[in-house]
Amino acid sequence: MAAQRVLRYTDHEPYGGMRTTLINDVFFPAIEKESQGRLKVEAHWNGETAISYDALATISDGSKADMGIVVPEYTAKQLPLHQIFKSFAVGPDRGVQQVEFFRRVYRELPEFSAELERNNLVNLQFFLGYPVGFFTTKPLTSLTNLQNTTWRTASFWHQAYLTNTGAKTVSLPWNNDISTALQDGRLDGLMVNLDSGYDIHAERAAPNILLSPSLWLGHVYLLTMNKKTWESLDEQDRQAIQRAAATTQKALGATLDNNLTTMVKTLEQEGAHVRYLDKAELAAWQKAINSPQVQAQWVEKQKGEGVNNAGEMMQKVEALLEETRR
């Protein structure tokens, strides 16, 4: 049966990673199955249609893509409330809890969906990534005293947290030069999600890795659709996509946990020394980074930019996170 509608999908990452495999091998076939073949997805990977920083504008416009991945961190001006998630450095330690947290966010806090709709987007499904890891050239005995060390991290939250533990942070483009900077001493450490570190083989120059599943990154990938495209679909096809999303969401928690185990084994096979942080170390680090102060400063800054409900939403997200951790 020929598809009645072909939906053009854009993704900034190549096919083959944890998230892209789940999307291609589970979500897309589920859409075709649930729509009884009426819908088919035409996927364009690796920035073929739009790079990560252009994805929101491309999908919002709808002329080149109907649906695709939007990373809120890359569009902080358009999606200010979505920046809140990454401010909570320590989160649930199991994939199913992480998935449940975001499921509740989008179900119970309509302000996040409204923020997307203001950008002509509808969220179909969220995806999560690997936790953060600390890649260092020399073994670290403590994360709470990083004086006289230089680090690279992309997140403005993480930059502030590293600074509060005594580190110096620098901005460097994300490419293989980061590994060179680790080798020649310009960098002592890299704070990044594990798979991104592995992508540039940071573990070869910085083989000492500290991690915890609780350092969940708070980094959400939104699989969005152009709002006009969504509204143009028949109700039965919208329901088919929602059923496909529910199927995919059920698989997401176990996928996160299983892939983390595999990633750690891969890093160790590359010669990395991987150590999981214990609860006491996590608690000490969480105290040292002083996230409440950094969050309060961000809230005040948002007020100056007209985002008057940032503080209220920060509190609501924190409440959901605390409930999910229990």
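A salt bridge is a side-chain nitrogen of Lys or Arg within 4 Å of a carboxyl oxygen of Asp or Glu. With that in hand, welcome to a few close-up views of this predicted model.

**Figure 1. Arg243 and Glu34 form a salt bridge.** The closest N and O atoms of this pair are 2.7 Å apart. Arg243 sits in helix H10 (residues 235-269) and Glu34 in helix H1 (residues 18-34), so the bridge links distant parts of the chain, 209 residues apart.

**Figure 2. Helices H1 and H10 cross at roughly 155°.** Here the two helix axes come within 9 Å. Angles over 145 degrees count as roughly antiparallel, and H1 and H10 are therefore roughly antiparallel to each other. Their crossing is right-handed. On the H1 side, the residues in contact include Met18, Leu22, Phe27 and Ile31; on the H10 side, Ala240, Ala244, Leu252 and Asn259 are among them. The residues of this contact divide into 13 nonpolar, three polar and two charged.

**Figure 3. Thr247 is a residue of helix H10.** With a relative accessible area of 38%, Thr247 is partly exposed. Look across to Ile31 next: the C-alpha atoms of Thr247 and Ile31 are separated by 9.8 Å, while along the chain these residues are 216 residues apart.

**Figure 4. Asp66 pairs with Arg8 in a salt bridge.** The closest N and O atoms are 3.0 Å apart. Asp66 lies in the loop between helix H2 (55-61) and strand S3 (67-70), and Arg8 belongs to strand S1 (residues 5-10), so the pair ties together parts that are 58 residues apart in sequence.

**Figure 5. Asp11 and Arg19 form a salt bridge between buried residues.** The closest N and O atoms of Asp11 and Arg19 are 2.7 Å apart. Asp11 is buried, and Arg19 is buried too.

Figure 6. Side chains of opposite charge can pair when their charged atoms come close. Across the whole structure, a search finds 21 salt bridges.

Note on methods: Residues numbered from 1 in each chain as written. Predicted model: local features only at pLDDT ≥ 70, side-chain atom pairs only at ≥ 80, totals over all residues. Heavy atoms only, no water. Helix = DSSP H or I, 4+ residues; strand = E, 2+ residues; numbered from the N terminus. Buried < 20%, exposed > 50% of the residue type's maximum accessible area, 1.4 Å probe, protein only. Axes fitted to C-alpha atoms, helices over the stretch in contact; angles between N-to-C directions. Parallel < 35°, antiparallel > 145°, perpendicular 65-115°, else oblique. Left-handed = near helix turned anticlockwise from the far one by under 90°. Contact = heavy atoms within 4.5 Å. Nonpolar A, V, L, I, M, F, W, Y, C, P; charged D, E, K, R; others polar.
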